Amino acid sequence: MKYLITGLGNIGDEYANTRHNIGFIIADALAQDLGVKFTTDRLAARAEARYRGKTVIIIKPTTYMNLSGKAYRYWLTQENIPIENSLVVVDDLDLDPGIFRLKTKGGGGSHNGLNHIIETLGHNNFPRLRVGIGSNFARGFQVDYVLGRFTREEEKLFIERIPVAVEMIKSYIAAGATNTMNAFNNK
């Protein structure tokens, strides 16, 4: 059985350690936890691991956030992975920093990466791990906020919380969406 874990973000040093790249940061943490490294591949940086007898493909799209659906769909198809065995890790303005919520479907809201995946697939029935980054910005400054670097307080919080996201992903792979939501979504 195979799983596809897709961390959303933007490539390039100017985007490293920004709120919008939390998906990449968590994908890196998962790869490190599973003892694998990324290599450049078609439309994404890709790592492959084994976890509890399952093959786990971890990707970080190189298409930039607004075209994330291209890499996600390509790797689902390339690896013949059913959509219910995939998980998109994405930043979320509607959740406080460090809060994680697993959902099996839903709209994209104002998130261009999610919206491109929905547009590419033609539906919104794909699992996602929403990672709260908060919305501490003045009206009209959303782009500056999401593309901005973490404050010291946010960095400290995420250093403590990212291992929880990794455990959620591993739970999703081992125990499924419902069990993971029951175990983690209210913590």
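Buried here means under 20% relative accessible area, exposed over 50%, and partly exposed in between, with a 1.4 Å probe and protein chains only. The model is predicted, so that local features need pLDDT of at least 70 and side-chain atom pairs count only at pLDDT 80 or more, whereas totals for chains, interfaces and linings use all residues. Residues are numbered from 1 along each chain as its sequence is written, and side-chain values use heavy atoms, with hydrogens and water left out.

View A. Seven strands make up an open sheet of mixed pairing, in the order β2-β3-β4-β1-β5-β7-β6, where helices (H or I, at least four residues) and strands (E, at least two) are DSSP runs numbered from the N terminus, and two strands pair if DSSP finds at least two bridges between them. The edge strands, each pairing on one side only, are β2 and β6 (100-103). On average, neighbouring strands of this sheet are turned by 25° against each other, direction ignored, the axes being lines fitted to C-alpha atoms, for helices over the stretch in contact, with angles from 0 to 180 degrees between N-to-C directions. Helix α1 (residues 22-34) packs on the sheet, where it touches β1, β3, β4, β5, β6 and β7, and its direction makes about 145° with that of β4; contact means heavy atoms within 4.5 Å.

**View B. Helix α2 and its buried face.** In helix α2 (residues 68-78), the buried residues are Ser-68, Gly-69, Ala-71, Tyr-72, Trp-75 and Leu-76. Seen down the axis of α2, these residues fall within an arc of 165°, so they line one face of the helix; the arc is that of the directions from the helix axis to the C-beta atoms. They pack against β1 (2-7), β2 (39-41), β3 (44-51), β4 (54-61), β5 (86-92) and α3 (112-121). Just after α2, Asn-80 takes a positive phi of about 55°.

**View C. Strands β5 and β7 around Asp-92.** Strand β5 runs parallel to β7 (residues 128-132), and five bridges join the two; Val-90 stands opposite Arg-130 in β7. Asp-92 is found in β5 and, at 10% relative accessibility, counts as buried. Leaving aside neighbours within four places in sequence, Asp-92 is in contact with Arg-130, Val-131, Gly-132, Ile-133 and Gly-134. The side chain of Asp-92 also reaches the backbone nitrogen of Asp-94 at 2.6 Å.

Terms used
A polar contact is a pair of N or O atoms within 3.5 Å; within protein, one must be able to donate a hydrogen and the other to accept it, and residues adjacent in sequence count only if both atoms are side-chain atoms.
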